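I opened a new notebook page for this structure.

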Amino acid sequence: MSKAIYRVLPAAVQDTSPLSETLISFLRFLSPAFIRYVLKVDSVQIMGTEKLVNSFHDFQDGNSRLMLVFRHPYGEEPQILGHTILNVLPKAARRLGNPLKHKTHAHFIHGYEVPLWSPPPIGWLLPRAGALPVHHSKLDSKGLSRLRSTMLDGPYPLALAPEGQVSYSSQSLPRMERGFAHIGLWCADDLEKAGRKEQVSILPLSIHYNYGKRGPKILEKALSLLEHECSIIPSSSNPIQRLKEAAHAIVQSAENFYAELKRQKLQTTHNSDHINKTLKERWEHILEIALETAEKTLNIPNNGDIITRVYNIRQCCWDRIYRPFDKNLSPLERRLQDREAGEAYLAMRHMETVDIGWYIDFDANIEKDSVDLLIERALNYVDVTNRLQGGNLTNRPNLGKKKVCFVVGTPIDIRSRSNLLGQDRKTQIDLLAGELEKEFLNCIDIYQKEHQNGKQ
């Protein structure tokens, strides 16, 4: 690959500039226009407003340390939640006759690599807005120390997605990481050592899109885009049948690609083993080959589950593409590093396919799905085609306006949980993870019951 792929690690990644209240005020002013015209969000509804308002009151009164844990199915949740906290929440509190004492904001946790693939202003903005970077696949003692101190003494609540990354499914819970539980328990320990009485509160937030009357037109846009990318002439006008045809086309194209790449036969339509396999089984086989291809290119071991392997590949690739500047390198050594960066870039293309592909079930029963869920699935399929062509999350289409609904779960107060007392740390973490999962599933159930009349 060309030397342009080799870059010196941007200063933004290592930026530890202090939080800027002036910038936060500017974001408060700018976010309504950004949400409406860039993210195409018509409005934000909060189900369970009182719980959210009361949680912020407790935090501002010094009665609790607050962590907002939000579902992350689409990719735009941090921006939408940020706007909700900055603008929607204070207005909602005033409508309830219970106004908040101070202006609201949150310290969002993000992957350290976000400034690497985002436009340059984002890397400058994040630290000044109070955002905190984390690594998924290597120890970062300084970063963990910042998280711990912010949770204990930060001027605003902490906000994070316990799924670790985009999960592509709003009405199921594919996977959760345990970082939120570690942070909450650390905070409880630190408060205990300091003799402080604050509660440690974990507040679940589930997010959902509602396209309303625009839904059928947006679904048609997504299906047409998908069929164009796959060169499909649909056999039916039924959107469910069209999605199924697209699923078969995507899996077949991916099999053909990786068969050619590996110079071997995977499965073919003339192979009896292929005929007996479900789309899900065929897709899982493709994802494994994609991971192996990336790992062999980078010469890294196959360790952990699929998402852990994705994290390991991603970390290795960014380490090879972005390096500390070394003025002592000869031109030959620099060009060789450029080649390593180019190979890492290509390995990331396989990783990006798995990054979304693990969450996709091409055999899922979608017969009773609402139009909103069919749009979600169609956009996921379009995203898969983009990844197979070499794209990433930034290529995900946004085809129409929607309403956003946050469902607020019941706060989980760590220090008042008697079932945590006397347990070892692993058991405590597992209990908190199980409770959070239960709360998220309850939030999803509340949303489904509230919007069941909107199913088509």
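My entries follow in the order I looked things up.

**Entry 1: the whole chain**

I noted before anything else that this is a predicted model. I looked up the secondary structure and found 15 helices and 10 strands in the protein chain. Next I checked the dimensions. The C-alpha trace spans about 70 × 65 × 45 Å along its principal axes.

I then asked how the radius of gyration compares with that of a compact globule. For 456 residues, such a globule would have a value near 23 Å; the protein chain has 23 Å, so the two agree.

**Entry 2: burial, contacts and surface**

I looked up burial next. Of the 456 residues, 52% count as buried. I also checked how far apart in sequence the contacting residues lie. I took the contacts between residues at least 6 apart in sequence, and 77% of these join residues at least 24 apart.

**Entry 3: the cavity**

How many cavities of 30 Å³ or more does a search of the whole structure find? I got one. The largest cavity holds about 50 Å³ of space. I listed its lining: Tyr 112, Glu 113, His 136, Ser 137, Tyr 311, Arg 314, Gln 315 and Trp 318. By class, I have three nonpolar, three polar and two charged residues there.

**Entry 4: the second largest pocket**

I turned to the second largest pocket, with a volume of about 520 Å³. Its lining has 27 residues, and Ser 169, Tyr 359, Ile 360, Asp 361 and Arg 377 lie nearest its centre.

**Entry 5: Pro 162**

I found it in the loop between strand 6 (158–160) and helix 7 (179–194). Is Pro 162 buried or exposed? Its relative accessibility is 2%, and buried means under 20%, so Pro 162 counts as buried.

I then looked up what Pro 162 touches, leaving out residues up to four places away in sequence. The list is Val 69, Phe 70, Met 176, Glu 177, Phe 180, Leu 436 and Phe 440. I also checked Pro 162 against Lys 438. They are 276 residues apart in sequence, and their C-alpha atoms are 13 Å apart in space.

Notes. Residues numbered from 1 in each chain as written. Predicted model: local features only at pLDDT ≥ 70, side-chain atom pairs only at ≥ 80, totals over all residues. Heavy atoms only, no water. 1 Å grid on protein atoms, 1.4 Å probe; cavity = no way out; pocket = protein on both sides within 12 Å on 5 of 7 lines; lining within 4 Å. Points joined across faces, edges and corners; volume = space filled by probe spheres on them. Helix = DSSP H or I, 4+ residues; strand = E, 2+ residues; numbered from the N terminus. Rg over C-alpha atoms; globule rule 2.2 N^0.38 Å. Buried < 20%, exposed > 50% of the residue type's maximum accessible area, 1.4 Å probe, protein only. Contact = heavy atoms within 4.5 Å. Nonpolar A, V, L, I, M, F, W, Y, C, P; charged D, E, K, R; others polar.
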